[in-house]
Amino acid sequence: MSTVPPLTDFVSTKIAPAKKQPVGLIETKNLSLFYGLKQVLQSVCLPIEAGKITAIVGPSGCGKTSLISTLNRLTDLIPDCRISGRVLFEGSDIHAPEVDVIQLRRRIGMIFQNPAPFPFSIKKNICFPLREHGIKDRKEQTERLETVLRDVGLWDEVKDRLTQNALTLSGGQQQRLCIARALALKPQVLLMDEPCAALDPLSSAVVEDLIAALKEHYTIVIVTHNLAQAKRISDATAFFWSQNGMGRLIEQGGTKQVFEAPQNALTAAYISGVRG
Amino acid sequence: MNRLAPAKNEGFAGFVLWSVAAFIVAVFAWLMADILIHGAAQISWDFLSTAPEKAGRRGGILPILVSTLLIMGVCLLAALPIALGTAILLAEFTPEKSAFGRMVRRALDVLAGVPSIVFGLFGNAFFSVYLGLGFSILSGGLTLACMILPLLIRTLEAGLRANPARDRLAAAALGLSYGASLRHILLPGAAPALLAGLLLGGGRAIAETAALVYTSGYVDRMPGSLLDSGRALSVHIFDLSMNVPGGDQNAYASALVLIVLLFIVNVTTAGIVSRWRKTGLAI
Ligand SMILES: Nc1ncnc2c1ncn2[C@@H]1O[C@H](COP(=O)(O)OP(=O)(O)OP(=O)(O)O)[C@@H](O)[C@H]1O
Ligand SMILES: [Mg+2]
């Protein structure tokens, strides 16, 4: 598709000149992804601005989950998943052999569609990853525990039951715990795959407000089926569509522009709810 | 009422089901009662703390208890790490449908069904003769380990595979190393399976006779080391009831001890594994 604007148009001039590679900047360059012989993403060139919320929208099966899973190399875990092209994080290729994938994933956190707390206590859910990342100091652990639980608005709800199994929390609480768990590692980027999809409208609103509040400190990529949500919280929007079973980036740009003056007919149709 | 049971046509089928269940319970109760009635009278501190006399007709079973526990100890110490390693290899690093995986699994399933006497002969040929361990607690324990390995591996593998994929992804996404998620998430998740495997395997091992006759032998003296021959409880019971006229009383008493031992093994394994599930494996 020719409507994809060149990279330089998108990288905001506010950030670009001062620091060459702002913290948390991600770019994919001609990224294609295959599961076995089946190609699900074709030549995606998507810059993701630092310190902004980028929404990824598009119909089911167009490869949104696959795309964000490449950004923290979670696709490494999927047998016979292969990618070509490059993913640059702060200017360097995350697939380069010298990259420490553990450090990469510490800096790029991920939230899944279904809340995935580990089957042990609330406290251990947050402290155990900290310990594994070398933060052994108990005091620091408890400080971070409280800070992140406050950040996600969970502290008052769980402060008396920190030793209880995290699976006893409600779905919305579990999702916020997962966000807290990711925040505790002090990442620069948060990848969120439909974080509100499994939640009721009230919890969904709570999580959405939380995401909007997190924007100040993190680069956020959020996959969502909820166009209204994308419109409300995101700064930039990327629209994907699958053609011949292959996901392609159709259009991307500032959220306002994509929603109000889409360049591509597909985008316009999808956004006005005619298709998808 | 069980809501899943069909309401109609329950008459005959229900009768058959209930009679089968009642029959099984009755046989079990009869067995326990028989052992209790004949065995309980002999049980005393003396019985547990003295050596057998007159081929076991008189005296106690202390050396036999010690040998039994040593054989079990050797068996579990040898079997557990191998089972863990193999199960992890099979469940985590071998695609389910790969030729290698299928071959290993098939072989294990065949081995699990091999009669224990075959393991006894193998253990005798390999541990006792080839490795020169002779009739000893060590070769008995190792033979039992071989015998329960297939079962342990298969149950553990199934337990590991049953871990939800989302836990693995969530762990990886937090930058946890594979070892960390294995120790804290995947293995505790497989704990119920490990428990089941240990109970089945441990139960089979502690009650084993045929495999031990050829490997740890008959000697009913107190073992001085793992290289001494030692008589296991089940071998003792077998010997008393088959070869020693007038040994029935002590055979019953030994059987009662064996059953209590099985019970203790069950309860402690359940306890350990449930603790482990709560806290994660601290290595
Ligand atoms: N592990 C896998 N192996 C093979 N094919 C896969 C795998 N995961 C996803 N796919 C296929 O890749 C395509 C894209 O899947 P993906 O999950 O990325 O879509 P999505 O845009 O996130 O969809 P949804 O909005 O429903 O979550 C789909 O056709 C899917 O069937
Ligand atoms: Mg998806």
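I began with the strand pairing: β7 (residues 189-193) of chain A runs parallel to β8(A), with five bridges between them. Helices (H or I, at least four residues) and strands (E, at least two) are DSSP runs numbered from the N terminus, and two strands pair if DSSP finds at least two bridges between them. One bridge joins A:Met192 to A:Ile222 in β8(A). I then followed the chain from β7(A) through helix α8 (residues 201-214) of chain A to β8(A), and this β-α-β crossover is right-handed; that is, with the strands pointing away from the viewer, the path from the first strand over the helix to the second runs clockwise.

The model is predicted: local features need pLDDT of at least 70 and side-chain atom pairs pLDDT 80 or more, while totals for chains, interfaces and linings use all residues. Residues are numbered from 1 along each chain as written, chains are lettered from A and ligands numbered from 1 in the order written, and side-chain values use heavy atoms, without hydrogens and water.

I looked up the other partner of β8(A). Strand β3 (residues 53-57) of chain A pairs with β8(A) in the parallel sense over four bridges, and A:Thr54 has A:Val221 as its bridge partner there.

Next I checked burial (buried: under 20% relative accessible area, 1.4 Å probe, protein chains only). Five of the five residues of β8(A), 219-223, are buried, so the strand is largely enclosed by the rest of the structure. A:Thr219, A:Val221 and A:Val223 point one way, A:Ile220 and A:Ile222 the other.

I then searched for cavities (on a 1 Å grid over the protein atoms alone, sets of points where a 1.4 Å probe fits but cannot get out; lining residues have an atom within 4 Å of a point). Grid points are joined across faces, edges and corners, and a volume is the space filled by probe spheres set on the points. I found two cavities of 30 Å³ or more.

α7(A) gives the largest share, three residues. I sorted the lining into nine nonpolar, two polar and one charged (Ala, Val, Leu, Ile, Met, Phe, Trp, Tyr, Cys and Pro are nonpolar; Asp, Glu, Lys and Arg charged; the others, Gly among them, polar).

The second largest cavity holds about 30 Å³. Among its lining residues are B:Thr68, B:Met72 and B:Ala232. α3(B) gives the largest share, three residues. This lining has seven nonpolar residues, one polar and no charged.

Note on methods. Buried < 20%, exposed > 50% of the residue type's maximum accessible area, 1.4 Å probe, protein only. 1 Å grid on protein atoms, 1.4 Å probe; cavity = no way out; pocket = protein on both sides within 12 Å on 5 of 7 lines; lining within 4 Å.
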